[in-house]
Amino acid sequence: MLVASACETIKDIPALVAFTDEVVRAGTPSAVLDALQAFAMCVPLKVMGAARLPLGVGDWRSLNLNRDIFLHSSVPKGWWGEYANMARREFDPGIMMARQSIMAFTWTETRRMLDPIGVDQWPYEVALKYGIRDALTCPVGRRWVVAYWASAPLGAELTPALRTLLQAAAGFSALRLEQIVTYTPEPEDQRVRLTPRELAVLRLVSLGHTTEEVAKLLKLGEETVRTHLKKAQEKLSARNRTHAAAEAIRKQMIP
């Protein structure tokens, strides 16, 4: 077990070695997260958990708890259920940041940078309801994201050196999770499959072309273009052609 003074855990090289040794010995996701919690306890921060990011930008809703997402026991009860329910319907700005960043960032920094308004504030409102005031999100290789949470806004106590150590610890933990967690890809029959013609039509729609222009560019009849669009909308559960094009881009089906 990692022991001792929390501050020694962060500052001393022997404690860092002890942390890595414990993570290497960990055989379950919960053991990995417990080791990370012991390492981070003097900030004070608590471990929220880790998630393997989906390959497609728009596939976040396909992730499942205890298969792709692993929560630490310190997470307030009830938070995940409400967050997951909202995430199926709404956009989380923090996930976009996690895919684009290479270093750790706090929720406070995310809100300052993106300035979310209205419905886009929902992740922070849900978190606040459960006593989560701030978090440090650590992207790892654009494949994993590991997060710590705090019951108070994070400020000057999160020094650049400490932030770097927490990022490194998160990265090492994600590496171990990648080794011990069996990845089960989404079944083929559950993936959205668009035909080459449907993709070609959506790509041109995403560039602003009208139905008539798409038909001329692809040398198809306008009714045929409308049929391709209708089928693509149904497959993507889209409300209209614009929504369908946006979903195709989010899922990285078209450039």
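Predicted model: local features only at pLDDT ≥ 70, side-chain atom pairs only at ≥ 80, totals over all residues.
View 1. Residues are numbered from 1 along each chain as its sequence is written, and side-chain values use heavy atoms, with hydrogens and water left out. β1 and β5 pair in the antiparallel sense over six bridges. Strands (E, at least two residues) and helices (H or I, at least four) are DSSP runs, numbered from the N terminus. Two strands count as paired if DSSP finds at least two bridges between them.

**View 2. Five strands make an open, antiparallel sheet.** Read across, the order is β2-β1-β5-β4-β3. Which strands stand at the edges? They are β2 (69–71) and β3, each with a single partner strand, so one side of each has no neighbour in the sheet. Helix α3 packs on the sheet and touches β1, β2 and β5. The direction of α3 makes about 140° with that of β1; axes are lines fitted to C-alpha atoms, for helices over the stretch in contact, and angles run from 0 to 180 degrees between N-to-C directions.

**View 3. Strand β4 is largely enclosed by the rest of the structure, because seven of its seven residues are buried.** Buried means under 20% relative accessible area (1.4 Å probe, protein chains only). Asp 134, Leu 136, Cys 138 and Val 140 point one way, while Ala 135, Thr 137 and Pro 139 point the other way. β4 pairs with β5 in the antiparallel sense over seven bridges, and Thr 137 has Ala 147 of β5 as its bridge partner. Two bridges join β4 to the antiparallel strand β3 (residues 105–106), where Thr 106 is the bridge partner of Leu 136. Look too at the hairpin of β4 and β5: three residues lie between the strands, and Gly 141 takes a positive phi near 60°.

**View 4. Leu 45, Leu 136, Tyr 148 and Leu 166 touch the most other members of the largest nonpolar core, which has 31 residues.** Such a core is a set of buried Ala, Val, Leu, Ile, Met, Phe, Trp, Tyr and Cys residues joined through side-chain atoms within 4.5 Å. Among the elements that each supply at least two residues of this core are α2 (13–25), β1 (46–52) and α8 (160–180). Beyond its neighbours within four places in sequence, Leu 45 is in contact (heavy atoms within 4.5 Å) with residues including Gln 37, Leu 136, Tyr 148 and Leu 166.

How values were computed: Buried < 20%, exposed > 50% of the residue type's maximum accessible area, 1.4 Å probe, protein only.
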